Amino acid sequence: MKKYYITTPIYYINDVPHIGHAYTTIAADVLSRYFRVKFGEKNVLFLTGTDEHGAKIAEAAKSHHQDPQKFVDELVPKFKSTWKNLNISYDIFFRTTNPKHEKFVQNFLSRLKEKDLIYKKKYTGLYCVGCEKFVVEKDLVDGKCPDHPNKKVICHSEENWFFKLSKFQKPLLDAIKNKDYEILPLTRKNEVVSKIAMGLEDISISRAGVKWGIPLEWDKSQTIYVWVDALLNYLSALNIDKKVGLKWWPADMHLMAKDILWFHAVIWPALLMAYGSIEDSPLGVCKLPKKIFAHGFFTINGQKMSKTVGNVIDPNVWVKKYGADAVRYYLLTVTPFGEDGNVSEEELKTRYNNELANELGNLINRVINMISRYNVKCQMSNVKTKIQNSKVNKLIEELIFDEALREIWKEIRAANNFIEQNRPWELAKNDPEKLEKILHDLFNNLELIAYSLEPFLPETSAKIKDQLKTLIPKPLFPRIK
Ligand code: MSP
């Protein structure tokens, strides 16, 4: 039996979600919906959630004069409602403050310690709280982290527990070479491989100074590094819910942007390898995730999205104005998945009016109208089988979402042209037989279009199917001035 376990990153809960978070989550939703049709509803598991520990969250809570647990508890509903507004069909919303997860993480690390893969050492280095990672001088621009120019890089000198990542250089390179796991797209894989080849240093997996975190089992004075805590969610979510279970592991797809690929493509597989060799482990041998895909980064008018610049876009605002499907459509087509791209509301509006209102909306409206006016008998068929081997499917499986949608739009444009060429309103006067044939063909095209749109625009797809059944057209995308 085929199964598909897909994850988004669990997002830092220091603020409400923005369109960058929405982007990854929408893409994961498209894949989940697609594989639910292909493998069956029950054979897809889609995980998203929130990363709730660490200095970054503690600081955010403090700036709101709130206790961190209360602070995150109040933000979770904002994530959930955003995903609801965008029609995200996740199965698991995972939170790292779940006590069962905390226990799981502690046990996991204790086993690495037993295996002598964790040791204590004094370390001095520069730390960026924005990234929640140590940085090196040469990566800084004017002494600041290029990704977080508004946050101070702090000098940390602590005695911490370290994971022997250096031992895993060869195993990781071998695993990548043997395709035990795949890093995508290829350009990103090459970057990761050459960086591993340059050598891996051991990483600290605990913090003495951070109180908001999971304490180490054997040294309660230290909390577990938030990235280790977070990465383990993909596994602990399965383990702690017995109804879900470890049968879902390994993940078939970890989705994220390029910013956190290193953690997923290097540190995560190394942790799994380290754990997996323990024979009496309750998890058995930990297989590696099958695919890790890093997409690009959105900018707003060429600038990084940031609170200080004041250009952060709340997806809910766009959904309210344009609808969930328009936001999904725009974000998935604005740039090839994998590359960086610029987004703007102006462009969203133009594309909404041209592609969604004029091309798709009009087509549905005209065809349903004519079928009902000329009283042509049409029936829904089961087109699911027809779309099974389509070009669109192949593109979805390769995560080439923009091309997949362009393929569907080719059909939409072709159908509009077909109407112009055949002028059914004239046939109605002099060739009723041809009229019927043409409207039948169009009906079938619409049905195909509705099915192929389902993973991308679920609401619109359902509305089209409904209109095909009832033959009552309602505007799908009213024009926006
Ligand atoms: N908490 C960690 C992830 C732990 S996963 C085990 C984290 N959180 S985050 O809130 O910073 O989310 C980063 C992710 O959000 C990116 O990898 C990407 O999926 C999404 N994006 C955030 N900003 C983005 C853009 N500007 N553009 C595209 N995606 C963006 O890192």
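Pro185 is placed in the loop that runs between strand 7 (182-184) and helix 6, where helices (H or I, at least four residues) and strands (E, at least two) are DSSP runs numbered from the N terminus. The peptide bond that leads from Leu184 into Pro185 is cis, with omega near -10°. The structure is a predicted model, in which local features need pLDDT of at least 70 and side-chain atom pairs count only at pLDDT 80 or more, while totals for chains, interfaces and linings use all residues. Residues are numbered from 1 along each chain as its sequence is written, and side-chain values use heavy atoms, with hydrogens and water left out.

A cis peptide bond also joins Trp249 to Pro250, with omega near 5°, and Pro250 belongs to the loop between helix 8 and strand 11 (253-257). Asn87, in the loop between helix 3 (68-85) and strand 3 (92-95), has a phi near 60°, a positive value in a residue other than glycine. Most residues other than glycine have a negative phi, and most peptide bonds are trans.

Two packed helices are described by the angle between their axes and the distance between the axes. Here the axes are lines fitted to C-alpha atoms, for helices over the stretch in contact, and the angles run from 0 to 180 degrees between N-to-C directions. Helix 6 (residues 186-197) packs against helix 9 (residues 261-276) at an angle of about 55°, with the axes 11 Å apart. That angle makes helix 6 oblique to helix 9, given that angles under 35 degrees count as roughly parallel, over 145 as roughly antiparallel, 65 to 115 as roughly perpendicular and the rest as oblique. The crossing of helix 6 and helix 9 is right-handed, a crossing being right-handed if the near helix is turned clockwise from the far one by less than a right angle, and left-handed if anticlockwise. Arg188, Val192, Lys195 and Ile196 of helix 6 make the contact (heavy atoms within 4.5 Å) with Leu261, Trp262, Ala265 and Val266 of helix 9. The residues of this contact divide into six nonpolar, no polar and two charged, where Ala, Val, Leu, Ile, Met, Phe, Trp, Tyr, Cys and Pro count as nonpolar, Asp, Glu, Lys and Arg as charged, and the others, Gly among them, as polar.

Helix 4 (residues 99-114) and helix 8 (residues 233-240) pack at an angle of about 120°, their axes being 10 Å apart, and their crossing is right-handed. The contact involves Lys100, His101, Phe104 and Phe108 of helix 4, together with Asn233, Leu235, Ser236, Asn239 and Ile240 of helix 8; these residues divide into four nonpolar, four polar and one charged.

The axes of helix 1 (residues 19-39) and helix 11 (residues 324-333) come within 10 Å and cross at roughly 95°, which makes helix 1 roughly perpendicular to helix 11. From helix 1, Ile19, Tyr23, Ile26, Ala27, Asp29, Val30 and Arg33 meet Arg328, Leu331 and Leu332 of helix 11, and the contact comprises seven nonpolar, no polar and three charged residues.

Among the polar contacts (pairs of N or O atoms within 3.5 Å), a polar side-chain atom of Thr24 lies 2.6 Å from an oxygen atom of the ligand. A polar backbone atom of Ala257 is 2.9 Å from a ligand oxygen atom, and a backbone N or O atom of Tyr12 lies 3.1 Å from an oxygen atom of the ligand.

Key. Polar contact = N/O pair within 3.5 Å; in protein donor to acceptor, adjacent residues only side chain to side chain.
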